[in-house]
Amino acid sequence: MFSSVLPFALTLSKGERRVFQQPAKASLTVVLLLLGLSLFASYPMPAVNAADRLVGIHSARVLSQAMPWIAQETGLFQKYNLDFRLVFIASSPSVTAAMLGGDAELALTGGEGNLRAYVQGATDFVFIGAVKNILTHSILARPEVKKPEDLRGKKIGINRIGSNPHFFAVQALRQAGLDPAKDVQLIQSGGSPETLAALTSGALDAAALNPPADTQAIARGFTYAIYGLDQRISYPATVFVTLRPVLAKRGEVVGRFMRAMAEAAVILHTDREFTYKVLEKYLRVTDRKILDSSYNGEIKSLEPRLEIKTEALQSVLEEIAKVDPRANKVKAEELVDRRYLVEMEKSGFLDSLWKGKK
């Protein structure tokens, strides 16, 4: 908050200094001006409230992480007096490290990295809402790959180890009867755009992609080896995570951020055309067919009221427990703080946002 008097400066030329050194020659206008300035400076200016700065991270350039972009483009951050700075860091594990290093106060990301850190002792992590509680990735491959079994021996791009695409690929391959550790090569391929580029260039045989990158791959001649929406894999795919000390010190500020996100969610779900404009700007996707396909496939899986489901967290804890038994002692409920979801529901805020809408 700014509480000091706003600065006011008058710069005078050397010639003007000589005039003031000779008061007898100063004009009446100048004298009155100086008198006015002295009176102006003797009274403090009203305090000016600066927007509260908040630094957040997002881990993927995808539709499900578009709400901060929507809030920025519609002035919602200004409405809630927030100076929100959004930083892109690919993959949940990298986001986790950045938050532990104090580089951000909250994140919109996949939950696996935070959950692994929690199990290992970083119990300050806490989930406060969600955009998506299932994975909507798919595995896209060259046309000669007709079925999941044809992925055997193939190189599959999975973003990074511990990322959403990695978790999806492991679970989907297991459901298809393949051993992800023996039957395929899982390649760390970077973010979604980099993974798509590697697939297109021939560096990969297949890739785990989600909207709109999966639709872009289809447009370039690739096909679904495993269609993710059929799998319905429970997972904290896009969640809001922060740290308990942040809630203790800046809980009210985080609450305003969540209200901005709740309003952005309404726009995402009900104003397709505006959402397309945002995606065109931030993802540089302009093909209407790609936008339609991505939106139609993804929107059904997104949480309109930012609800977070503990079963999504539990699915990751069970996976972690296979290599780290400490995860068996962690209850999914202890990782969630619903204060903002409860407050927005009980106050009628969410009902007011959705009134007259779907």
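The exercises below proceed from the chain as a whole to a sheet, a core, a helix and some loops.

The model is predicted, so local features need pLDDT of at least 70 and side-chain atom pairs count only at pLDDT 80 or more, while totals for chains, interfaces and linings use all residues. Residues are numbered from 1 along each chain as its sequence is written, and side-chain values use heavy atoms, with hydrogens and water left out.

**Exercise 1. The whole chain**

Task: State how many helices and strands the chain has, and what percentage of its residues is buried.

Solution. 
Step 1. Helices (H or I, at least four residues) and strands (E, at least two) are DSSP runs, numbered from the N terminus. The chain has 15 helices and 10 strands.
Step 2. Buried means under 20% relative accessible area, exposed over 50%, and partly exposed in between (1.4 Å probe, protein chains only). Of the 358 residues in the chain, 51% are buried.
Step 3. Contact means heavy atoms within 4.5 Å. Among contacts between residues at least 6 apart in sequence, 80% join residues at least 24 apart.

**Exercise 2. An open sheet**

Task: Determine the order of the strands in the open sheet of 5 strands, and identify which strands stand at the edges.

Solution. 
Step 1. Two strands pair if DSSP finds at least two bridges between them. The order is E7-E6-E8-E5-E9, with mixed pairing.
Step 2. E7 (185-187) and E9 (223-226) each have a single partner strand, so one side of each is left without a neighbour in the sheet.
Step 3. Strand E5 (residues 138-141) runs antiparallel to E8 and is joined to E8 by 4 bridges. Leu140 has Ala207 of E8 as its bridge partner, and Ser138 stands opposite Leu209 in E8.
Step 4. E5 is also joined to E9, by 3 bridges and again antiparallel; here Ile139 stands opposite Ile226.
Step 5. Both faces of E5 are covered: Ser138 and Leu140 are buried on one side, Ile139 and Ala141 on the other.

**Exercise 3. The nonpolar core**

Task: Name the residues that touch the most other members of the largest nonpolar core, and find which helix gives the most to this core.

Solution. 
Step 1. A nonpolar core is a set of buried Ala, Val, Leu, Ile, Met, Phe, Trp, Tyr and Cys residues joined through side-chain atoms within 4.5 Å.
Step 2. The largest such core has 99 residues, and Ile139, Leu151, Phe240 and Phe257 touch the most other members. Helix H10 (residues 244-270) gives the most to this core, with 14 residues.
Step 3. Beyond four places in sequence, the residues that Ile139 touches include Leu151, Phe168, Ala169 and Leu173, as well as Tyr224 and Ile226.

**Exercise 4. A covered helix**

Task: Decide whether helix H7 is mostly covered or mostly open, and compare its reach with the expected span.

Solution. 
Step 1. Among the buried residues are Phe167, Phe168, Ala169 and Leu173.
Step 2. The expected span of a helix is 1.5 Å times one less than its number of residues.
Step 3. Just after H7, Gly177 takes a positive phi of about 85°.

**Exercise 5. Residues in loops**

Solution. 
Step 1. Arg284 lies in the loop between helix H11 (272-283) and helix H12 (288-298). Its phi is near 60°, a positive value in a residue other than glycine.
Step 2. Leu306, in the loop between H12 and helix H13 (310-321), has a positive phi of about 65° although it is not a glycine.
Step 3. Leaving aside neighbours within four places in sequence, Val285 is in contact with residues including Pro212 and Gln216. The C-alpha atoms of Val285 and Gln216, 69 residues apart along the chain, are separated by 8.9 Å.
Step 4. Pro212 is found in the loop between strand E8 (206-209) and helix H9 (213-219). The peptide bond from Pro211 to Pro212 is cis, with omega near 5°.
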